[in-house]
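What follows is a short report on one chain.

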Amino acid sequence: MKVIASSLRKGNVVEKDGKLYVILFAENIHPGKGTPVTQLDMRRISDGVKVSERYRTTEQVERAYVEEREHTFLYRDAEGFHFMNPESYDQVAVPESVVGEMAPYLKEGMAVQISQYNGIAISLVLPQRTTFEVVETEPVTKGQTASSSYKPATLSNGVRTLVPPHISAGTRVVVMTADGAYVERAKD
């Protein structure tokens, strides 16, 4: 099915020259002068080669038909990451190459969207935000709270991020799964 390039997002699958590509990063660029373009960083599903492409935002791109279903994350082992379809209770093993840098943000019981093509998992989309506990951070420096400065912190999943000065170790915080950026203190 053909779609305009500006509507493509991370996790979508496109077909180009008879090969399937999963989009790793999509950005619409609107220069002051000239035509707007969509920059796509993609990974070829067959062999994992990364490709970068630019399309005019109004250009038609062939989007591959993939089955997208919600699955629940169960566990990780030597085979990869295991997910279960909550409707049919079928389990899917997703290789580490597909999960990639999203692995630290997976939590047991988390609902994710898995895209499958011919029964093979090709991409997954995590919820935009998730909650983790701060396990280590620097102490508050007096007088630092007035400015909008941030301090480094290590989360319970091992990811390092920047948090406001009032956040201390043991505090639960909400972070973006795309880049690990701090959003807010958890409300629980």
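Helices (H or I, at least four residues) and strands (E, at least two) are DSSP runs, numbered from the N terminus. Over residues 68–122 the chain is 7% helix and 53% strand. The end C-alpha atoms of that stretch are 10 Å apart. UniProt lists residues 68–122, in an unreviewed entry, as "domain: Translation elongation factor P/YeiP central". UniProt positions are given in the numbering used here, feature names are shortened, and annotations may be inferred rather than shown by experiment.

This is a predicted model: local features need pLDDT of at least 70, side-chain atom pairs count only at pLDDT 80 or more, and totals for chains, interfaces and linings use all residues. Residues are numbered from 1 along each chain as its sequence is written, and side-chain values use heavy atoms, with hydrogens and water left out.

## Two open sheets

Two strands pair if DSSP finds at least two bridges between them. Four strands make an open antiparallel sheet in the order β2-β3-β4-β5. Its edges are β2 (13–16) and β5 (50–56); each has a single partner strand, so one side of each is left without a neighbour in the sheet. Neighbouring strands of this sheet are turned by 40° against each other on average, direction ignored. Axes are lines fitted to C-alpha atoms, for helices over the stretch in contact, and angles run from 0 to 180 degrees between N-to-C directions.

β2 and β3 (residues 19–29) run antiparallel, joined by four bridges. V13 stands opposite V22 in β3. D17 lies in the loop between β2 and β3. D17 is not a glycine, yet its phi is positive, about 55°. Its relative accessibility is 69%, so D17 counts as exposed (over 50%; buried is under 20%, partly exposed in between; 1.4 Å probe, protein chains only).

Five strands form another open sheet, in the order β14-β13-β12-β15-β16, again with antiparallel pairing. β14 (160–163) and β16 (182–185) are the edge strands, each pairing on one side only. Here neighbouring strands are turned by 50° against each other on average, direction ignored. β15 (residues 172–176) pairs with β16 over three bridges. V174 has E184 in β16 as its bridge partner.

| Pair | Bridges | Bridge partners |
|---|---|---|
| β8 and β9, antiparallel | four bridges | M84 and Q91 |
| β10 and β11, antiparallel | five bridges | I114 and L124 |

The hairpin of β8 and β9 has six residues between the strands. Y89 sits in that loop. Its phi is near 65°, a positive value in a residue other than glycine. Is Y89 buried or exposed? At 60% relative accessibility, Y89 counts as exposed. The hairpin of β10 and β11 has two residues between its strands, and N118 takes a positive phi near 55°.

In a regular strand the side chains alternate between the two faces of the sheet.

## Nonpolar cores

A nonpolar core is a set of buried Ala, Val, Leu, Ile, Met, Phe, Trp, Tyr and Cys residues joined through side-chain atoms within 4.5 Å. The largest core has 27 residues. F83, V94, V99, L106, V112, L124 and L126 have the most contacts inside it. At least two core residues come from each of β8 (80–84), β9 (91–94), α1 (96–99), β10 (111–117), β11 (120–125), β12 (129–137), β13 (151–155) and β15. Apart from this core lies another, of eleven residues, among them L8, V14, M42 and Y55.

What does L124 touch, beyond its neighbours within four places in sequence? Its contacts (heavy atoms within 4.5 Å) are F83, V94, V98, V99, M102, V112, Q113 and I114.

## Aromatic pairs

Rings of Phe, Tyr and Trp (its six-membered ring) pair if their centres lie within 6.5 Å; planes under 30 degrees apart count as stacked, over 60 as edge-to-face and the rest as tilted. The structure holds three aromatic pairs. The rings of F73 and F83 have centres 5.3 Å apart and planes at 55°, so this pair is tilted. F73 is in β7 (residues 67–77) and F83 in β8, ten residues apart. F73 is buried at 8% relative accessibility. F83 is buried too, with a relative accessible area of 0%. Ring pairs link F73, F81 and F83 into a cluster.
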